[in-house]
Amino acid sequence: MSITNSCSFCVHSHTAAAKAKGMTDGQYAELLSIIAVAGKTNQLASALQVPVDAVFNADQAAAR
């Protein structure tokens, strides 16, 4: 989420913490590729205006 929201402090602090716990450069690269795919998927879903499933739609749940 920090990367998606462009929070520089959070990105650096979380990355440093993960590396201190043993995250390798290869694992970091894989994490970044997963974040990139998730971001593109969200952009595509927004562009296509994919409707929210009724079970997850808070507006519909409140109307019941």
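The exercises below work through confidence, charged contacts and surface features of a predicted model.

The model is predicted, so that local features need pLDDT of at least 70 and side-chain atom pairs count only at pLDDT 80 or more, while totals for chains, interfaces and linings use all residues. Residues are numbered from 1 along each chain as its sequence is written, and side-chain values use heavy atoms, with hydrogens and water left out.

**Exercise 1.** Determine which elements of the protein chain have the lowest and the highest mean pLDDT.

*Solution.* Start from the scale, in which pLDDT is the predictor's confidence in each residue, from 0 to 100. The protein chain averages 89, and 94% of the residues score at least 70. Next, take the elements, where helices (H or I, at least four residues) and strands (E, at least two) are DSSP runs numbered from the N terminus. Helix α1, residues 8–20, has the highest mean at 94, whereas α3 has the lowest at 70. Where pLDDT is low, the predicted coordinates should not be read in detail.

**Exercise 2.** Find the salt bridge of the structure and describe the surroundings of its lysine, K19.

*Solution.* The criterion is a side-chain nitrogen of Lys or Arg within 4 Å of a carboxyl oxygen of Asp or Glu. The structure holds 1 such bridge, in which the side chains of K19 and D25 meet at 3.5 Å, N to O. For accessibility, buried means under 20% relative accessible area, exposed over 50%, and partly exposed in between (1.4 Å probe, protein chains only). K19 is partly exposed because its relative accessible area is 37%, while D25, at 60%, counts as exposed. A charge sits over a ring if NZ of Lys or CZ of Arg is within 6 Å of the ring centre and within 35 degrees of the ring normal. The charged end of K19 sits over the ring of Y28 in this way, 5.2 Å from its centre.
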